[in-house]
Amino acid sequence: MSPDRWDRRRISRFTLSGVADAEISAHPFSTDDGLGLNLTRFRRRECDDVVLLIHGISCSSDMFIMPEHTNLVNFLHDAGFGDVWTLDFRMSARFPYNSETHRYNLDDIAHYDHPAALAELRRHIGDKRVHVIAHCLGAASFSMALSAGTVTDITSLTCNSVSLVARTPRWAKMKLGYAPPIMEYLLGPYQLDPRYSTAPVLTRGWMLAKAIRPFHRACDEPACHMLGFMWGCGKPIFTHEKMSPVTHARLTDLFGVCNLNYYRQVHKMVLAGRAVKFDRHDSRHRDLPDDYLAKAVDVATPILFLTGDRNNVFGDSNIVCHRRLESAAPGRHELAVLPGYGHQDPFMGVHADTEVFPQILDFLKREAG
C-alpha cells in the first residue's frame with residue numbers, strides 16, 4: 001500500500017496488518033535460562049527455502065512487517081520465498097526484558113536465544129534450507145552463535161550494519177564506556193527510552209530528552225533525537241531522506257527501551273576490534289569461544305555483509321569484517337555498500353524494496369538450491 005494511504009493514527013502498535021495474503025501463526029518457545037520468546041510465521045506457500053528475520057536492539061519483528069510501505073516479508077513472498085519467519089528474542093521491544101534490571105549480554109543471546117529459536121523453527125520445517133537475515137546486534141549475536149557452533153546448518157546469512165567486527169565513531173566509543181556507570185550509579189535511570197520526551201515533567205528521563213534536543217537539529221522529532229543519543233555518535237540512526245514521514249512520526253511504536261548492560265560488551269568488542277566473550281570466567285559460557293572472529297574462518301555458511309555508507313552507528317564495521325574473512329576464505333562471503341543509507345533504513349526505508357531488498361534477494365537466490 002502506498003505511503004499516502006496511511007498515517008500514524010491508523011497504524012496500531014505491534015500490528016500484523018502489514019503482511020498481506022499470508023497465513024500468520026505464533027510459535028512461542030523458552031530458552032534454557034528461563035525466558036519466553038516468540039517466532040512468528042508468515043506463510044503464503046510451501047517453499048524449500050525458509051527465511052528467518054532477526055531484529056536489532058530496542059526494536060522488534062515490527063521492523064520487517066511495517067504496513068506503510070513495501071516491507072521485507074511481503075517482498076520475499078512476492079519473490080517466491082513463501083515461508084518467512086520473524087524472531088523476537090530477548091532484546092525485542094515486544095517483551096519487557098529490556099526495561100527490567102538485568103545483566104544480559106550478547107553471549108546469553110548466542111548461547112540461549114538463537115539455538116532455541118532454530119530448534120523451534122526446525123520442529124516445524126524439518127530439514128529445509130534456512131536463510132537468516134539479521135540486523136544490528138541481532139546480526140552480531142547470530143554471527144557469534146554461528147561461530148560458536150550453537151547454531152548450525154544455516155544455508156546463508158545476511159548481516160546488516162555489524163557482525164563480528166564492531167567499530168564506532170570516537171564519541172560513540174566514549175559513550176559505550178562511560179554511559180552505563182554514569183547512568184546506573186549517578187544519574188539514573190538504568191535504561192534509555194525513546195519515549196522520554198513524554199515522561200512526566202522534571203523526571204530524569206524528561207530532563208535528559210530536553211538536554212539532548214539542542215544537539216539534534218536534523219528534525220523536530222524527540223524520539224529520533226533519543227535514538228541518535230542511544231545508538232551512534234549523536235547523529236540520526238538513518239538517513240532522513242530514506243524514511244517515510246509516517247515511519248518517522250511513529251518511531252515510538254517501532255523502538256523501545258534499551259538496557260545499558262549491552263553497551264558493556266559492545267564496548268569490549270569495539271576495544272578488541274572484533275567480537276569477544278564478555279566474561280571469560282562466566283561458567284555458563286565456558287564452551288563459547290573467547291574470540292568469535294577467530295572461529296568464524298571455520299564456518300562454511302556464506303555471509304552477505306550489508307552496510308550503508310552513512311552508517312553513524314557501526315561505521316565501516318562490516319566492510320572491515322568482510323575484508324578480514326575474505327583474506328582467510330577468499331570468495332566465500334560478499335559485501336554490499338548501500339549509497340545514501342544509514343544504520344536502520346536498509347530495512348525500514350521507504351524505498352528499500354527497490355534499492356536494498358533486490359541485493360538481498362539476488363544473494364538468496366544464488367545460495368538457494
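Okay, let's start in the sheet: strand S6 (residues 156-160) and strand S9 run parallel and are joined by four bridges. Pairing here takes at least two bridges found by DSSP between two strands. The element names are DSSP runs too, numbered from the N terminus: helices are H or I with at least four residues, strands are E with at least two.

Before I go on, the housekeeping. This is a predicted model, so local features need pLDDT of at least 70 and side-chain atom pairs count only at pLDDT 80 or more, while totals for chains, interfaces and linings use all residues. Residues are numbered from 1 along each chain as its sequence is written, and side-chain values use heavy atoms, with hydrogens and water left out.

Back to S9, residues 303-308. How many of its residues are buried? Six of the six, so S9 is largely enclosed by the rest of the structure. Buried means under 20% relative accessible area, exposed means over 50%, and partly exposed is in between, with a 1.4 Å probe and protein chains only. In a regular strand the side chains alternate between the two faces of the sheet. Here, Ile303, Phe305 and Thr307 point one way, Leu304, Leu306 and Gly308 point the other way, and all are buried.

S9 also pairs with strand S10 (residues 334-338), in the parallel sense, over five bridges. Look at leucine 304: it stands opposite threonine 158, and opposite glutamate 334 in S10. Right-handed means that, with the strands pointing away from the viewer, the path from the first strand over the helix to the second runs clockwise.

Now threonine 158 itself, which sits in strand S6. Threonine 158 is buried, with a relative accessible area of 0%. Not counting residues up to four places away in sequence, threonine 158 touches Val132, Ile133, Ala134, Leu304, Leu306, Ile360 and Phe363. Contact, by the way, means heavy atoms within 4.5 Å.

Serine 161 is in the loop between S6 and helix H4 (170-187), and its phi is near 80°, a positive value in a residue other than glycine. Serine 161 counts as buried, at 1% relative accessibility. Cysteine 136 also has a positive phi, near 55°, and again this is a residue other than glycine. Cysteine 136 is in helix H3 (residues 136-148), and at 3% relative accessibility it counts as buried.

Next stop, strand S4, residues 83-88. Which of its faces are covered? Both: Asp83, Trp85 and Leu87 on one side and Val84, Thr86 and Asp88 on the other are all buried. S4 runs antiparallel to strand S2 (residues 36-43), with six bridges joining them, and asparagine 38 has aspartate 88 in S4 as its bridge partner. Strand S3 (residues 49-54) runs parallel to S4, joined by four bridges, and there isoleucine 54 has leucine 87 as its partner in S4. From S3 the chain crosses through helix H1 (residues 72-78) to S4, and this β-α-β crossover is right-handed.

On to the helix pairs. Helix H2 (residues 106-125) and helix H9 (residues 261-272) pack at an angle of about 100°, with their axes 8 Å apart. That makes H2 roughly perpendicular to H9. The cut-offs are under 35 degrees for roughly parallel, over 145 for roughly antiparallel, 65 to 115 for roughly perpendicular, and oblique for the rest. Axes are lines fitted to C-alpha atoms, for helices over the stretch in contact, and angles run from 0 to 180 degrees between N-to-C directions. Leu106, Asp107 and Ile109 in H2 meet Tyr262, Gln265 and Met269 in H9.

Helix H5 (residues 204-212) and helix H6 (residues 222-230) pack at about 90°, with axes 10 Å apart. That makes H5 roughly perpendicular to H6. In this contact, Leu208, Ala209 and Ile212 from H5 meet His225, Met226 and Phe229 from H6.

Last one: leucine 227, also in H6. Is it buried or exposed? Buried, with a relative accessible area of 2%. Leaving aside neighbours within four places in sequence, leucine 227 is in contact with Pro194, Ile237, Leu251 and Phe255.
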